[in-house]
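Take a look at the sequence and the structure below. Then let us walk through the fold one step at a time.

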Amino acid sequence: MQHLVKQRKTLLTRLVAGGNFVKGSITCVCGTCGRSHCICKTKAGTKAYRLTYKDSGQKTQIVYIPRNRLSEMKRLTANYARARSLMQKIIATNIAIFKKG
């Protein structure tokens, strides 16, 4: 039982030390300028990045991500994946502690 309590404490410490995180998906969309004879009508156009997530009412929200902050947003979404994994391990440990209890 002491081993499980120590494991839970370690997991909680790792969760707090993980830093900020954001839940959502990053998508790349290609845009066009809207002019009828522009080259962007035939070629790929410009790329724009967006973060898509669900708010508390389960409504989809979209946030534009500037190119110069794309790496920061990728890091934040990766941190969320790590935090979610750690939370699953904490839950499993808490259940094991409860069963031994």
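Predicted model: local features only at pLDDT ≥ 70, side-chain atom pairs only at ≥ 80, totals over all residues.

Start with the strands. Strand 1 covers residues 25–31, and strand 2 covers residues 46–54. They pair in the antiparallel sense over 7 bridges. Find Ile26, and you will see it opposite Leu51 in strand 2.

Strand 2 also pairs with strand 3, residues 60–65. This pairing is antiparallel too, over 6 bridges. Here Thr52 has Ile62 of strand 3 as its bridge partner. Strands 2 and 3 form a hairpin, with 5 residues between them. In the turn, Gln58 has a positive phi of about 60°.

In soluble globular proteins, nonpolar side chains tend to be buried together. Here the largest nonpolar core has 6 residues: Tyr49, Leu51, Ile65, Leu70, Met73 and Leu76. Helix 2 gives the largest share, 3 residues.

Tyr49 is worth a look of its own. Beyond its neighbours within four places in sequence, its contacts include Ile26, Val63, Ile65 and Leu70.

Why is the pair of Phe21 and Tyr80 called tilted? Their ring planes stand at 45°, between the cut-offs of 30 and 60 degrees, so the pair counts as tilted. The ring centres are 5.9 Å apart. Phe21 sits in the loop between helix 1 (2–17) and strand 1, while Tyr80 is in helix 2, so the pair ties together parts 59 residues apart in sequence. Phe21 is partly exposed, at 41% relative accessibility. Tyr80, at 19%, counts as buried, because the limit for buried is under 20%.

Terms used. Residues numbered from 1 in each chain as written. Heavy atoms only, no water. Pairing = 2+ DSSP bridges. Helix = DSSP H or I, 4+ residues; strand = E, 2+ residues; numbered from the N terminus. Core = buried A, V, L, I, M, F, W, Y, C linked by side-chain atoms within 4.5 Å. Buried < 20%, exposed > 50% of the residue type's maximum accessible area, 1.4 Å probe, protein only. Contact = heavy atoms within 4.5 Å. Phe/Tyr/Trp six-rings, centres within 6.5 Å; stacked < 30°, edge-to-face > 60°.
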